[in-house]
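Subject: Structure to look through

Hi there,

Here is the structure I promised to pass on. Please open it alongside this email, and my notes follow below.

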Amino acid sequence: NASVDFIVDLLGLSGERVASRVERGRKEPEFVPIPIAENLGIEEVAAVQARAAEHPEFAITVSQRRLYKHGGSAAHALGYLSEATPEQIKNAGNVYGVGDWIGQKGVESAYERLLSGANGERRVIVDSHGREVAEEARLEASPGQNLFLTLDLELQGIAEEYFRDKVGSVVALDPRTGEILALVSSPSYDPNWFTRRVTSSEWSGLLENPDRPLQNRAIQNMYSPGSVIKPFLAYGALARGLVDPEARIFCPGHANFYGREF
């Protein structure tokens, strides 16, 4: 219709995407808003407001969004927020609704309930056409709890700088406590992308990148332990008396196992 065409042209949205969102929203009561777009610029807000008489279906609201101040730093450990999918809404027992944003990946997902807080509520009066005519009551939202990680920002930065333009991962732990001080999976991505709707080109770029920036190499890939395993084996052998402390072994940098050189 004319209103959909107007918002598609104004915001440069995909007509199919807007139609899909409207269709999804029709499953909710008529007075429940259907989110169409986020992060509007001041010019776009003004344009919508200026045409409000012609297109009363649209309303501008202000909402909170997560800000990742250090961009892609520790992105795989932190995770990101994005809109709940229909499957997630169903699997959570309808704790979430259409348009709710929830933690995806990393600590955002693992501690979603702790971080999310409680939604606010507006009790409104609607007319026979389902249009809001008055607000009866309002309950403000409450913030979630704080979560403190053991990541050391300076050490994390050093590790990420080393892996700039490289593919791989690193995890640094405090040997006394097991606390994770740095966790890097490279290449990374900017979780701030997901605090708005990622464009199809951005999403396809992430998926089609041969270096797989969305993959958390620190926990999802398997790597041979390499030389970091040697001190543990040497300590074990010495503690059990299996080797002479004065023994010397020459290492040429490779070994042959089952006919294959490593």
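Let me begin with Ser 82, which counts as buried because its relative accessibility is 16%, under the 20% cut-off. Please keep in mind that this is a predicted model. Ser 82 belongs to strand S1, which covers residues 80-83. Leaving aside residues up to four places away in sequence, Ser 82 touches Asp 100, Trp 101, Ile 102, Gln 104 and Phe 194.

The buried residues of H2 (residues 15-25) are Val 18, Arg 21 and Gly 25. Looking down the axis of H2, these buried residues fall within an arc of 65°, so they line one face of the helix. What covers them includes S1 and helix H1 (2-11). On the face of H2 turned away from the buried side you will find the exposed residues Glu 16 and Glu 23.

Next, some backbone geometry to look at. In general, most residues other than glycine have a negative phi, and most peptide bonds are trans. Here are the exceptions I noted:

- Ala 74 has a positive phi, near 60°, and is not a glycine. Ala 74 sits in the loop between helix H3 (42-50) and helix H4 (75-78), and it is buried, with a relative accessible area of 8%.
- Tyr 258 is not a glycine either, yet its phi is positive at about 50°. Tyr 258 lies in the loop between strand S7 (256-257) and strand S8 (260-261). With 89% relative accessibility, Tyr 258 counts as exposed.
- Ser 186 and Pro 187 are joined by a cis peptide bond, with omega about 5°. Pro 187 is part of the loop between strand S6 (180-186) and helix H9 (200-208).

So which residues form a nonpolar patch on the surface? They are Tyr 111, Leu 147 and Leu 149, and together they have about 240 Å² of accessible area. Tyr 111 is found in the loop between helix H6 (106-110) and helix H7 (112-116). Its relative accessible area is 39%, so Tyr 111 is partly exposed.

How values were computed: Residues are numbered from 1 along each chain as its sequence is written. This is a predicted model: local features need pLDDT of at least 70, side-chain atom pairs count only at pLDDT 80 or more; totals for chains, interfaces and linings use all residues. Side-chain values use heavy atoms; hydrogens and water are left out. Patches are made of residues with over 30% relative accessible area and no salt bridge: like charges are joined within 9 Å, nonpolar side chains (Val, Leu, Ile, Met, Phe, Trp, Tyr) within 5 Å. Accessible areas come from the Shrake-Rupley method with a 1.4 Å probe; for residues, only the protein chains shown count as cover. A salt bridge is a side-chain nitrogen of Lys or Arg within 4 Å of a carboxyl oxygen of Asp or Glu. Helices (H or I, at least four residues) and strands (E, at least two) are DSSP runs, numbered from the N terminus. Buried means under 20% relative accessible area, exposed over 50%, partly exposed in between (1.4 Å probe, protein chains only). Contact means heavy atoms within 4.5 Å. The arc is that of the directions from the helix axis to the C-beta atoms.
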